[in-house]
Amino acid sequence: MLLSINWIRDFVDLSGLDIDEIIHKFSLSTAEVENEIFRKGSDISGIVVAEIKSVENHPDSKKLHLLKVDAGEGELVDVVCGAPNVRTGMKTAFAKLGAHIGGIEITPRDLAGYTSCGMCCSEKELGISDDHSGIMEITDDIPNGTDLKKVYEIDDIIFEVDNKSLTNRPDLWGHYGIAREFATLTGRKLKPIETADLSVYDNLPKVDIKIEDPLCKRYTGIQFENITRKTSPVNMRIRLFYCGMRAINYLADLTNYIMLEMGQPMHAFDSRKVEKIRIKRFDNPFDFTTLDNVKRHIDENTLMICNGDIPVAIAGIMGGLDSEIVDDTTSLTLESANFDAVSIRKSSSRLAHRTDASMRYEKSLDPEMTSVASARFVKLLSDFDSGVKVTSALTDEYASHFDKITLSFDKAFVDKYTGIEISNDTIVKTLTSLGFGVKLDGNSFTVDVPSWRATKDVTLKADIIEEITRIYGYDNFDVNTACAPLYPVRITEEKNVEEQIKDILVKRFSLHEVHSYVWAYYDEYKKLGIEIEDNIKLLNATNPNIETIRRSMIPTQLCQIKSNSSYDTDFGIFEIGRVCDGVDENNMCREYKKLGITLFSKTADSQELYLRMTDMLAVVMDDVRHSEITYRTVEADHSYIHPKNYNAIICGGIEIGRIGLVYPTVLKKIDKKANVVFAELDIKEIEKVKNNGIVYNEASKFPSIDVDLTFISDKYTPIKEEIANLNSELIKNTEVTDVYSSPEGKAITVRLSFVHPERTLTKEEVMEIADKLISSLAEKNIALKQ
């Protein structure tokens, strides 16, 4: 938000003070000020009020005119000008010889055979508006030769406050609230804002206003007629432009001016088009054309301002095109209202249309401001258009009041929280200057929170401490070391498991840890041909990329693999992140923490890459839980998963995750020459697996006997299960030594290591166990290769 020092000076005397230093203090104590401070008018000099005495067309040009200009120096000046609006008797801004505009010095210049001894300036060239349609027309009665800066506020200091730092300070969305802060910081007095006495109109008829929806807290209206002025005063237009708004017409400018001054949005309706004001919502959606000539879809949750049953404005956001102020408008109905902050924010989000008004209403404005702003409007309207007539009483429908907040505390409470000694007089002076009502009884304070701070800002005693200390100055606090006991924080089992997994994947397998958001990004998924699965969605999302929460981390990692596939031929990524799978019986999200691992390779085939992943998982679970992993074939449950070789990962009898390959069409879009394998594990399920610990056995001093058996089978799991079923204490180790294809089918070679702790085994003892294994597997149609 852009702020004008000239505007602030209307309410607090800043003479003799260093403005840059005050802005710096404001940034430290109240709200963050952006780095650059704009010094408007500093690059302009030598511009005076001048009158055009004669206008002749240039003999050789259709656009140029030859002017005689009276710049107040006794002699007329010859000027060549191309502006279309020049005319005899017109007063304008004139840059004399030697004047400076934007770093350019005005010198005599030949134009189309004639010498121009100066320049008539447009408002854009002066930097006071964006109007470049013609030269500036001065309608005020000002003597020729008067320095323009002496009659208009061209010189100004503009600074910008970060809007985010004002989120909880609705009172700072206008210059008067900023001036209050400046007055407190400088110790100067805050001047009251000048308003009209509206009680003199109490005997006039009231405006027909009715609030029909609780989303409208207060609605104030007043009517005028005999409005003749069409263009705003120059200084008003300059202030609006410096603060980022363009001039429209007198009445629209005046409502914008008060919004920037007091923070209270207002709207002016043409009285010919508004008779009965009703504030309500509609049961059925419809389309509505706003002032910017855009047709917007209005749903049943959007609050509307109506003329009877006909909508004329979107409450708190923008007026309608059919009731706007036009050139022949001479009567108006003024709206000054207060609406529910959440409703305005949601409506502007649904409409994808945030305005200066809606930004302020979203911050929970003070409803007490509506009548004061109306009185300010009447004062300024009467000052600049003396023939205006007020035709109604101020009509005030006040449906919902904020509770009055009173806080009590003592000096000891302040000392405890600040850690320094701040005198009672300083506390009273600070709070009083900020508008709080303060009563001091000994060392006890009773503080009444002003209405403009009670909407959501100051509600606790701690908030009062913040007010005291920020004005006192955080840089005035002594730096002391705090004395407090420090207790070690025990790492949770979940955190311990996560850190172990991360260390293994990074240090032992050189994987890259990545971080992502929980959204199922529509654009990224679409590139890979992955459909967004139905899941929890963000209401009123304006961007499909941040609408649906992901069910699985794997599509996210496939998108990351795609975007990094050109950087290396072989790499792997992993992340421990969150996913959601619908809602539970309490309508709460079912949220899970998952470990996602994805391997990418242009050199390894799918089988080699798959086995590389199983090795990783085996090492992870062996280190974390000292347990072995088994696999069970399951059906693919997502469209991007290859239906073959998709397995559940079993550890300690618990399914901890899934491992699989990417569906060919998706893989082709990632890289035609690459293979991708993924695994997704549930961190909570991993925690449930019993930690078997490390068991140490005394090594036998007798030699072991190794027996290699080759079975015709495409799966190792049934072989492993039968070995376990033998329950032989002599089998100390089992290892798959080879997998290959034979004429009979796929073959798996298993090496069994036998050893006895107290003697050397005989061949007969070993072969007896091996024969039992061969027989039991034969019953399951797994034959020994001959």
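## D396 and its salt bridge

In this predicted model, D396 is partly exposed, with a relative accessible area of 31%. Its side chain meets that of R218 in a salt bridge, 2.5 Å from N to O. The two partners sit in distant parts of the chain: D396 belongs to strand β23 (residues 395–398) and R218 to strand β13 (residues 216–225), 178 residues apart. R218 counts as buried, at 5% relative accessibility.

## Other salt bridges

How many salt bridges does the count come to? The total is 58 salt bridges. One of them joins E467 and R453, whose closest N and O atoms are 2.7 Å apart. Here E467 lies in helix α13 (residues 461–472), while R453 lies in the loop between β26 (444–448) and α13, 14 residues apart. Both E467 and R453 are buried. They also take part in a network of salt bridges that links R169, D171, E181, R453, D457, E467 and R470.

Another pair to look for is E722 and K780, with 2.6 Å between the closest N and O atoms. E722 is in helix α20 (residues 717–726), and K780 is in the loop between α21 (763–778) and β37 (783–784), 58 residues apart. E722 counts as buried at 9% relative accessibility, whereas K780 is partly exposed at 42%.

Now find helix α7, residues 250–262. Its 13 residues should span 18 Å at 1.5 Å a residue, and this agrees with its end C-alpha atoms, which are 18 Å apart. Is α7 largely enclosed or open? Because 13 of its 13 residues are buried, the helix is largely enclosed by the rest of the structure.

Of the 30 lining residues, I248, N256, H267, L291 and M318 are the closest to the pocket's centre. The largest share of the lining, four residues, comes from α7. By class, the lining has 17 nonpolar, eight polar and five charged residues.

## Cysteines without partners

How many disulfides are there? The count comes to zero. For C121, the nearest cysteine sulfur is that of C120, 7.2 Å away. C121 is buried, with a relative accessible area of 0%.

C580 has its closest cysteine sulfur in C589, at 4.6 Å, which is too far for a bond, because a disulfide needs the sulfur atoms within 2.5 Å. C580 is buried as well, with a relative accessible area of 8%.

Key: Residues numbered from 1 in each chain as written. Predicted model: local features only at pLDDT ≥ 70, side-chain atom pairs only at ≥ 80, totals over all residues. Heavy atoms only, no water. Helix = DSSP H or I, 4+ residues; strand = E, 2+ residues; numbered from the N terminus. Expected span 1.5 Å × (residues − 1). Buried < 20%, exposed > 50% of the residue type's maximum accessible area, 1.4 Å probe, protein only. 1 Å grid on protein atoms, 1.4 Å probe; cavity = no way out; pocket = protein on both sides within 12 Å on 5 of 7 lines; lining within 4 Å. Nonpolar A, V, L, I, M, F, W, Y, C, P; charged D, E, K, R; others polar. Salt bridge = Lys/Arg side-chain N within 4 Å of Asp/Glu carboxyl O.
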